[in-house]
Amino acid sequence: MEPVEINAGKYYLRALRDDARIDDRPAIIAGFADPESKRWLPHLDVSDLERAGAYIARRRAAWADETRFSWVVADPLTGEFLGEVLLKEVDLEHGTAEAGCWALPAARGKGMTTEALGAVIRFGFGALGLREITYKHYAGNVASRRVAEKLGFSLVRDTDEGALLILRNGTSGTGGG
């Protein structure tokens, strides 16, 4: 599948890019260099242009494989990279996926991630026909938990390591906030 663009209200969702017109690599590097991102996404090392380019290439390949669908949350006028929202661990046969998101420090706390991820969830349920989307966050990641709650996810399990939440197709609450 080719990447799909989404108008998400105040934001524009587009594919990650590293071409002559738009180069998201510097924003990705800056985002993953942020201490808050390092805290919650310690498994990702995107510390230079080469690694950022490989990150974008993996995202592009995953669209083609239909295993992960990710979008840049962009300013609709400038195309500026504000964060990333995604559906990962996509299993179209069983109708399941896991939602994820992260934002640049300057874009946090404004409802951007909730609005953008809500649009992605509607895409997952509508266009992809998913029946269930999970959302996981680490214990202590209050901002991530707030996003999930605003989108209507229900807590299934809460452990010392983190929480597993589920949203099923037909559940309301995928609006912005």
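Tutor: Let us begin with a charged residue beside a ring. In this predicted model, Arg-59 lies over the face of Tyr-55, at 4.1 Å from the ring centre.

Student: Which aromatic cluster includes Tyr-55?

Tutor: Tyr-55 belongs to one aromatic cluster with Phe-32, Phe-81 and Trp-102.

Student: How many aromatic pairs does the structure hold, and how is such a pair described?

Tutor: In general, two quantities describe a pair of aromatic rings: the distance of the centres and the angle of the planes. The structure holds seven aromatic pairs. One of them joins Trp-63 and Phe-69, whose ring centres are 4.7 Å apart and whose planes stand at 75°; the pair is therefore edge-to-face, as planes over 60 degrees apart are given that name. Trp-63 also forms an edge-to-face pair with Trp-71, with 5.2 Å from centre to centre and 85° between the planes.

Student: Is Trp-63 buried or exposed?

Tutor: The reasoning uses a cut-off: a residue is buried if its relative accessible area is under 20%. Trp-63 has a relative accessibility of 2%, so Trp-63 counts as buried. Phe-69 is likewise buried, because its relative accessible area is 0%. Trp-71, at 0% relative accessibility, also counts as buried.

Student: May we turn to the strands? In what order do the eight strands form the open sheet?

Tutor: The general idea is that strands of a sheet pair through backbone hydrogen bonds, either parallel or antiparallel. Here the eight strands follow the order S1-S2-S3-S4-S5-S6-S8-S7, and their pairing is mixed. The edge strands, each pairing on one side only, are S1 (6-8) and S7 (154-158). On average, neighbouring strands of this sheet are turned by 25° against each other, direction ignored.

Student: In which sense do S1 and S2 pair?

Tutor: S1 and S2 (residues 11-14) are antiparallel, and three bridges join them. For example, Ala-8 has Tyr-11, in S2, as its bridge partner.

Technical notes: Residues are numbered from 1 along each chain as its sequence is written. This is a predicted model: local features need pLDDT of at least 70, side-chain atom pairs count only at pLDDT 80 or more; totals for chains, interfaces and linings use all residues. Side-chain values use heavy atoms; hydrogens and water are left out. Two strands pair if DSSP finds at least two bridges between them. Helices (H or I, at least four residues) and strands (E, at least two) are DSSP runs, numbered from the N terminus. Axes are lines fitted to C-alpha atoms, for helices over the stretch in contact, and angles run from 0 to 180 degrees between N-to-C directions. Rings of Phe, Tyr and Trp (its six-membered ring) pair if their centres lie within 6.5 Å; planes under 30 degrees apart count as stacked, over 60 as edge-to-face and the rest as tilted. Buried means under 20% relative accessible area, exposed over 50%, partly exposed in between (1.4 Å probe, protein chains only). A charge sits over a ring if NZ of Lys or CZ of Arg is within 6 Å of the ring centre and within 35 degrees of the ring normal.
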